[in-house]
Amino acid sequence: MRVFIVEDESLIAMQLEDMLLDLECEVLGPAMRLKTAQRMMDEGLQADVAILDVNLGGETVFPLAERLRDGRTPIVFATGYGRQGVPEEWHVYPILQKPYTTQQIEEAMRRVVWPVS
(Lines give C-alpha, C1' and ligand atoms only; values in the text may rest on other atoms or scores of the structure.)
Protein backbone atom coordinates (compact mmCIF):
# COMPACT_ATOMS: atom_id res chain seq x y z
CA MET A 1 0.00 0.00 0.00
CA ARG A 2 1.35 3.43 -0.98
CA VAL A 3 0.90 5.90 1.87
CA PHE A 4 1.33 9.65 1.43
CA ILE A 5 2.59 11.26 4.65
CA VAL A 6 1.97 14.96 5.23
CA GLU A 7 3.49 15.89 8.60
CA ASP A 8 5.47 18.98 9.59
CA GLU A 9 7.19 17.57 12.69
CA SER A 10 10.27 15.65 11.51
CA LEU A 11 10.41 13.28 14.51
CA ILE A 12 6.74 12.37 14.15
CA ALA A 13 7.16 11.92 10.39
CA MET A 14 10.12 9.57 10.95
CA GLN A 15 8.20 7.56 13.56
CA LEU A 16 5.20 7.30 11.25
CA GLU A 17 7.43 6.22 8.38
CA ASP A 18 8.92 3.48 10.59
CA MET A 19 5.43 2.32 11.59
CA LEU A 20 4.33 2.17 7.97
CA LEU A 21 7.46 0.29 6.92
CA ASP A 22 6.71 -2.23 9.70
CA LEU A 23 3.28 -2.61 8.08
CA GLU A 24 5.05 -3.24 4.74
CA CYS A 25 3.77 -0.04 3.17
CA GLU A 26 5.53 2.11 0.59
CA VAL A 27 5.99 5.60 2.03
CA LEU A 28 5.46 8.63 -0.21
CA GLY A 29 6.92 11.78 1.28
CA PRO A 30 6.87 12.97 3.90
CA ALA A 31 5.77 16.40 2.78
CA MET A 32 6.37 18.84 5.60
CA ARG A 33 4.62 21.86 4.09
CA LEU A 34 1.29 22.32 2.31
CA LYS A 35 2.94 23.71 -0.83
CA THR A 36 5.29 20.73 -1.02
CA ALA A 37 2.39 18.29 -0.72
CA GLN A 38 0.43 20.14 -3.40
CA ARG A 39 3.46 20.14 -5.70
CA MET A 40 3.89 16.40 -5.20
CA MET A 41 0.28 15.91 -6.27
CA ASP A 42 0.80 18.21 -9.27
CA GLU A 43 3.70 15.96 -10.28
CA GLY A 44 1.43 12.91 -10.37
CA LEU A 45 1.73 11.38 -6.91
CA GLN A 46 -0.45 8.26 -6.71
CA ALA A 47 -1.27 7.14 -3.16
CA ASP A 48 -3.61 4.46 -1.87
CA VAL A 49 -4.17 6.46 1.33
CA ALA A 50 -2.96 9.76 2.81
CA ILE A 51 -2.15 10.44 6.46
CA LEU A 52 -2.47 14.16 7.07
CA ASP A 53 -1.37 16.27 10.00
CA VAL A 54 -4.08 18.91 10.42
CA ASN A 55 -1.76 21.85 11.16
CA LEU A 56 1.29 22.32 8.93
CA GLY A 57 3.42 25.17 10.19
CA GLY A 58 0.38 27.32 10.91
CA GLU A 59 -1.54 26.33 7.76
CA THR A 60 -4.41 23.89 7.80
CA VAL A 61 -4.25 20.84 5.56
CA PHE A 62 -7.88 21.06 4.40
CA PRO A 63 -7.21 22.49 0.90
CA LEU A 64 -5.04 19.42 0.25
CA ALA A 65 -7.65 17.16 1.87
CA GLU A 66 -10.29 18.55 -0.52
CA ARG A 67 -8.08 17.74 -3.46
CA LEU A 68 -7.42 14.21 -2.19
CA ARG A 69 -11.13 13.68 -1.53
CA ASP A 70 -12.00 14.91 -5.03
CA GLY A 71 -9.46 12.43 -6.42
CA ARG A 72 -10.97 9.68 -4.25
CA THR A 73 -7.83 9.12 -2.21
CA PRO A 74 -8.74 7.83 1.26
CA ILE A 75 -7.69 10.12 4.12
CA VAL A 76 -6.67 9.63 7.74
CA PHE A 77 -6.17 12.75 9.86
CA ALA A 78 -3.55 12.85 12.62
CA THR A 79 -3.65 15.69 15.12
CA GLY A 80 -2.71 16.66 18.61
CA TYR A 81 -6.07 18.45 18.91
CA GLY A 82 -8.32 15.40 18.62
CA ARG A 83 -11.73 15.47 16.94
CA GLN A 84 -12.41 19.03 18.15
CA GLY A 85 -9.47 20.22 16.03
CA VAL A 86 -11.10 18.95 12.83
CA PRO A 87 -14.13 20.65 11.24
CA GLU A 88 -17.34 18.60 11.34
CA GLU A 89 -17.42 18.00 7.57
CA TRP A 90 -14.22 15.92 7.89
CA HIS A 91 -15.47 13.71 10.73
CA VAL A 92 -16.40 10.99 8.22
CA TYR A 93 -12.65 10.18 8.07
CA PRO A 94 -10.64 8.59 10.87
CA ILE A 95 -9.06 11.15 13.19
CA LEU A 96 -6.13 9.89 15.22
CA GLN A 97 -5.04 11.67 18.37
CA LYS A 98 -1.27 12.07 18.62
CA PRO A 99 0.58 10.16 19.87
CA TYR A 100 -0.82 7.11 18.08
CA THR A 101 0.28 3.50 17.79
CA THR A 102 1.08 1.31 14.81
CA GLN A 103 -2.11 -0.62 15.50
CA GLN A 104 -4.20 2.57 15.42
CA ILE A 105 -2.60 3.58 12.11
CA GLU A 106 -3.28 0.15 10.62
CA GLU A 107 -6.90 0.12 11.82
CA ALA A 108 -7.56 3.63 10.47
CA MET A 109 -6.05 2.80 7.07
CA ARG A 110 -8.07 -0.42 6.83
CA ARG A 111 -11.23 1.54 7.68
CA VAL A 112 -10.80 3.91 4.74
CA VAL A 113 -9.19 1.59 2.20
CA TRP A 114 -11.39 -1.49 2.80
CA PRO A 115 -14.55 -0.10 4.43
CA VAL A 116 -17.07 -2.65 5.62
CA SER A 117 -20.26 -2.52 3.58
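In this predicted model, 60% of the contacts in the protein chain between residues at least 6 apart in sequence join residues at least 24 apart. The protein chain has a radius of gyration of 13 Å, which agrees with the value near 13 Å that a compact globule of 117 residues would have. Taken along the principal axes, the box filled by its C-alpha atoms is roughly 30 × 30 × 30 Å. Of the 117 residues, 45% are buried, and the accessible surface comes to about 6500 Å², with 47% of that area belonging to carbon and sulfur atoms.

The secondary structure consists of four helices and seven strands, and reading along the sequence gives the pattern β-α-β-α-β-β-β-α-β-β-α. Five of the strands form an open sheet with parallel pairing, in the order E2-E1-E3-E6-E7. Strand E2 (26-31) and strand E7 (95-97) stand at the edges of this sheet, and because each has a single partner strand, one side of each is left without a neighbour there. From one strand to the next, the twist averages 20°.

E2 and E1 run parallel and are joined by four bridges, with Val6 having Ala31 in E2 as its bridge partner. On the way to E3, four bridges again join parallel strands, here E1 and E3, and Val3 stands opposite Val49 in E3. E3 in turn is joined to E6 by four bridges, also in the parallel sense, and Leu52 has Phe77 in E6 as its bridge partner. Phe77 has a further bridge partner in Ile95 of E7, where strand E6 (residues 75-79) pairs with E7 in the parallel sense over three bridges.

Burial can now be considered strand by strand. E1 is mostly covered, with four of its five residues buried. For E3, five of the five residues are buried, so this strand is largely enclosed by the rest of the structure. Val49, Ile51 and Asp53 point one way from E3, while Ala50 and Leu52 point the other way, and all of them are buried. Across strand E1 (2-6) and E2 lies helix H2 (residues 34-42), which runs at about 135° to E2.

Although Arg72 and Val49 are 23 residues apart in sequence, their C-alpha atoms are 9.4 Å apart in space, and Val49 is one of the buried residues of E3.

Methods: Residues numbered from 1 in each chain as written. Predicted model: local features only at pLDDT ≥ 70, side-chain atom pairs only at ≥ 80, totals over all residues. Heavy atoms only, no water. Pairing = 2+ DSSP bridges. Helix = DSSP H or I, 4+ residues; strand = E, 2+ residues; numbered from the N terminus. Axes fitted to C-alpha atoms, helices over the stretch in contact; angles between N-to-C directions. Contact = heavy atoms within 4.5 Å. Rg over C-alpha atoms; globule rule 2.2 N^0.38 Å. Buried < 20%, exposed > 50% of the residue type's maximum accessible area, 1.4 Å probe, protein only. Areas by Shrake-Rupley, 256 points an atom, 1.4 Å probe, with all protein chains shown as cover.
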